[in-house]
Amino acid sequence: MQAGTARKGARIVDRPEYASKFSPLTGRRDTTVSDAVAAMKARNYGCIVITDASDRVEGIVTERDIMFKLVAERRDPDRVTLSEIMTADIRMARETDNVLDWLRIMSNERFRRLPVVDAEGRLQALLTQGDFVSYTWPDLLYQAGGLAKATILGQLHYILTGLLALGLILVAALALT
């Protein structure tokens with residue numbers, strides 16, 4: 001995705017919620033899984049982003065990684081480091097990317113966490129699929145309202161014809177009495 005291609009208001013950075021995002025939990029490659037899990041538990045986070053000394057993203061470890069690559073294989077969390085179980089080849093967004101583009105990509109590619117980086121690859125934020133849904137919810141409601149309005153207006157001639165027919169029936173019924 002090209003930085004700066006999204007129209008203003010549709011970019012990640014333009015969303016009011018973006019400014020209030022909590023800082024992501026980060027760790028280094030040599031951090032033990034047990035230390036990372038303790039930090040995740042303390043902050044109630046579902047993942048830890050692996051960064052280098054310059055805060056450039058190197059990978060991510062999620063609860064799923066811990067379950068499948070550590071627990072399921074009965075490995076020792078005091079000896080295993082994050083580099084051994086992290087997902088290294090991850091998708092990353094820029095703050096100027098389009099929110100809806102990333103929501104679609106995350107849905108299609110089946111991942112839930114998206115690091116947002118600056119031009120040098122330094123971590124700025126971590127967005128979840130839930131963040132994107134909440135960011136787009138007001139827009140979706142507005143669009144649904146517009147569709148409902150268009151549907152009603154598109155059917156207006158049927159509604160008016162029905163009301164006219166009902167009026168004629170009532171007038172005829174009154175005339176017969």
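Predicted model: local features only at pLDDT ≥ 70, side-chain atom pairs only at ≥ 80, totals over all residues.
Which exposed residues does the face of helix 1 turned away from its buried side carry?

**Figure 1. The exposed face of helix 1.** Residues D35, K41 and A42 are the exposed residues on the face turned away from the buried side of helix 1. The helix itself spans residues 33-43.

**Figure 2. The buried face of helix 1.** Three residues of helix 1, namely V33, A36 and M40, are buried. Viewed down the helix axis, these buried residues fall within an arc of 60°, and they therefore line one face of the helix. Among the elements that cover them are strand 2 (47-51), helix 2 (63-71) and helix 3 (82-85).

**Figure 3. The crossing of helix 1 and helix 2.** The axes of helix 1 and helix 2 come within 12 Å of each other and cross at roughly 150°. Because angles over 145 degrees count as roughly antiparallel, the two helices are roughly antiparallel to each other. Their crossing is left-handed.

**Figure 4. The contact between helix 1 and helix 2.** On the side of helix 1, the contact is made by V33, V37 and M40, and on the side of helix 2 by E63, I66 and L70. By class, five of the contact residues are nonpolar, none is polar and one is charged. V33 and M40 also belong to the buried residues of helix 1.

Figure 5. Just after helix 1, the backbone at N44 adopts a positive phi of about 60°.

How values were computed. Residues numbered from 1 in each chain as written. Heavy atoms only, no water. Buried < 20%, exposed > 50% of the residue type's maximum accessible area, 1.4 Å probe, protein only. Helix = DSSP H or I, 4+ residues; strand = E, 2+ residues; numbered from the N terminus. Arc of directions from axis to C-beta. Contact = heavy atoms within 4.5 Å. Axes fitted to C-alpha atoms, helices over the stretch in contact; angles between N-to-C directions. Parallel < 35°, antiparallel > 145°, perpendicular 65-115°, else oblique. Left-handed = near helix turned anticlockwise from the far one by under 90°. Nonpolar A, V, L, I, M, F, W, Y, C, P; charged D, E, K, R; others polar.
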